[in-house]
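Subject: Structure for your review

Dear colleague,

Please find below the structure that I am handing over to you. My findings follow directly after it.

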Amino acid sequence: MAQASADDLLREGAARHARGEIAMAERLYRRVLKLRPQDANALNLLGVAARQRGDIATALSLSAEAVARNPGSPVFLANRGGTLAEAGRLEEAAQALRAALAIRPADPMALRNLGQVLCALGDAAAAIEPLRRATTLAPATPEPWIALAHALREVGQDGAAEAARRALAIPGLDPSLADQARFLLAALGAEAAPDRAPAAYVRDLFDLYAPRFDEDLQGRLGYRTPALLAALVARAGFATGRVLDLGCGTGLSGLPLKPMATRLEGLDLSPRMLAEAAKRGIYDALHEADLLAWLPTRRGGFDLVAAADVLNYLGDLAPALTAIAAALRPGGLAAFSIEKGADAPYALGNGLRYRHDPAHVEALARAGGLTLLAREETALREEKGVPVAGVLFVLRRV
């Protein structure tokens with residue numbers, strides 16, 4: 001039997017890849033590279049597969065090599081741009097995507113990726129044009145409509161709600177994308193606010209944000225909630241014990257908790273946030289899960305559960321406070337921040353986070369088995385140059 005040629009292997013690998021058989025596709029691409037070590041298509045596709053598996057370091061290396069072999073390929077440049085974006089190298093991502101679009105301007109995926117990168121860079125106004133082009137070229141694809149809705153909302157232009165509704169009208173819309181579109185409509189006041197932000201939205205938001213999270217919050221936003229919360233915990237009399245950093249992110253919130261932890265664990269929805277947290281070397285364990293699903297599995301497991309800027313992605317706090325109380329030993333402490341609201345138990349703001357009435361939060365905490373030890377009003381951070389009013393709570397499990 002004749003040995004398969006490099007071209008045959010590449011075609012078979014692409015077909016397997018399209019069917020979701022990533023491991024087999026990777027094996028076939030590697031066989032191509034044994035026969036043709038400089039094959040740019042195999043390098044590019046192997047990079048795409050690595051990115052799909054979450055191996056961003058390998059994907060970056062392979063996409064760079066593919067572009068080096070064929071710098072005029074819009075496909076390779078677009079993949080390079082998407083990979084750089086996932087790695088948080090946003091300026092480089094925008095450059096690669098613009099280079100791809102200069103060669104192939106009618107690529108809706110590259111246009112959408114460029115728009116999302118520009119939004120992540122804080123230039124939502126510049127994102128609108130490529131996102132509009134993406135929706136024109138691919139009107140039956142929901143992601144560009146949702147991205148356009150976010151960009152229009154960010155700059156305060158009309159049309160955000162209409163773009164979200166266009167996404168919702170697409171037949172066979174994935175439920176997680178439908179949830180995101182409805183959540184955006186709720187933030188715009190066009191629908192009732194759900195009980196919480198969609199988990200997929202929060203995970204994707206912080207996956208993209210992870211590489212620049214610390215620099216952005218500590219620099220541009222003047223973020224200081226973790227230190228203020230830890231200080232309030234110390235003044236409430238907590239010395240040391242088993243500590244859970246709920247919504248630990250990159251571990252920025254864990255730094256002031258570490259000195260009071262005999263064991264420090266972190267929980268977060270975002271795998272890329274957790275990867276950044278692991279680099280700090282301060283956690284004894286890290287867990288990727290939704291807090292409402294995970295906390296009930298650790299009944300009585302902690303002496304302190306701390307949540308800095310986490311509960312603002314939940315509307316109805318009753319399930320979360322009950323779950324936090326259950327995860328504490330008797331006498332253990334819960335410490336968390338909220339963004340301060342009034343006139344309603346909770347409200348979804350235009351910034352896609354919930355604000356809560358502090359008195360209502362106290363009532364929910366009491367109902368969940370927590371008694372108030374300390375409460376402090378503070379500015380959590382700045383947003384567009386304006387302090388964000390918040391409240392810090394420390395409560396004891398009865």
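The largest nonpolar core of this predicted model has 70 residues, and Val-117, Leu-148 and Phe-183 have the most contacts inside it. A nonpolar core here is a set of buried Ala, Val, Leu, Ile, Met, Phe, Trp, Tyr and Cys residues joined through side-chain atoms within 4.5 Å. Buried means under 20% relative accessible area, exposed over 50% and partly exposed in between, with a 1.4 Å probe and protein chains only. Helix H11 (residues 175–187) gives the most to this core, namely eight residues. Helices (H or I, at least four residues) and strands (E, at least two) are DSSP runs, numbered from the N terminus.

Leaving out residues up to four places away in sequence, Phe-183 touches Pro-194, Arg-196, Ala-197, Pro-198, Tyr-201, Leu-348, Leu-352 and Tyr-354; contact means heavy atoms within 4.5 Å. A second, separate core has 30 residues, including Leu-291, Leu-295, Ile-338 and Leu-370.

As to conventions, residues are numbered from 1 along each chain as its sequence is written, and side-chain values use heavy atoms, without hydrogens and water. Because the model is predicted, local features need pLDDT of at least 70 and side-chain atom pairs count only at pLDDT 80 or more, while totals for chains, interfaces and linings use all residues.

Next come the helix pairs. The axes of H3 (residues 40–52) and H4 (residues 56–69) come within 8 Å and cross at roughly 160 degrees. Axes are lines fitted to C-alpha atoms, for helices over the stretch in contact, and angles run from 0 to 180 degrees between N-to-C directions. H3 and H4 are therefore roughly antiparallel; angles over 145 degrees count as such, those under 35 as roughly parallel, 65 to 115 as roughly perpendicular and the rest as oblique. Their crossing is left-handed, a term used if the near helix is turned anticlockwise from the far one by less than a right angle, clockwise being right-handed. Residues in the contact of H3 with H4 comprise eight nonpolar, three polar and three charged. In this classification Ala, Val, Leu, Ile, Met, Phe, Trp, Tyr, Cys and Pro are nonpolar, Asp, Glu, Lys and Arg are charged, and the others, Gly among them, are polar.

H4 also packs with H5 (residues 74–86), at an angle of about 155 degrees and with the axes 9 Å apart. H4 is therefore roughly antiparallel to H5, and H4 passes H5 in a left-handed crossing. Among the contact residues are Ile-56, Leu-60 and Val-67 of H4 and Phe-76, Leu-77 and Leu-84 of H5. By class, this contact has nine nonpolar, three polar and two charged residues.

Further along, the axes of H7 (residues 108–120) and H8 (residues 124–137) come within 8 Å and cross at roughly 160 degrees. H7 and H8 are therefore roughly antiparallel, with a left-handed crossing. Their contact has twelve nonpolar, two polar and two charged residues.

Two single residues complete these findings. Thr-135 lies in H8 and counts as buried at 5% relative accessibility. Apart from neighbours within four places in sequence, Thr-135 is in contact with Pro-144, Trp-145 and Leu-148. Asp-309 is placed in the loop between strand S4 (302–307) and helix H17 (318–327). Asp-309 has phi near 55 degrees, a positive value in a residue other than glycine, and is buried, with a relative accessible area of 14%.

With kind regards
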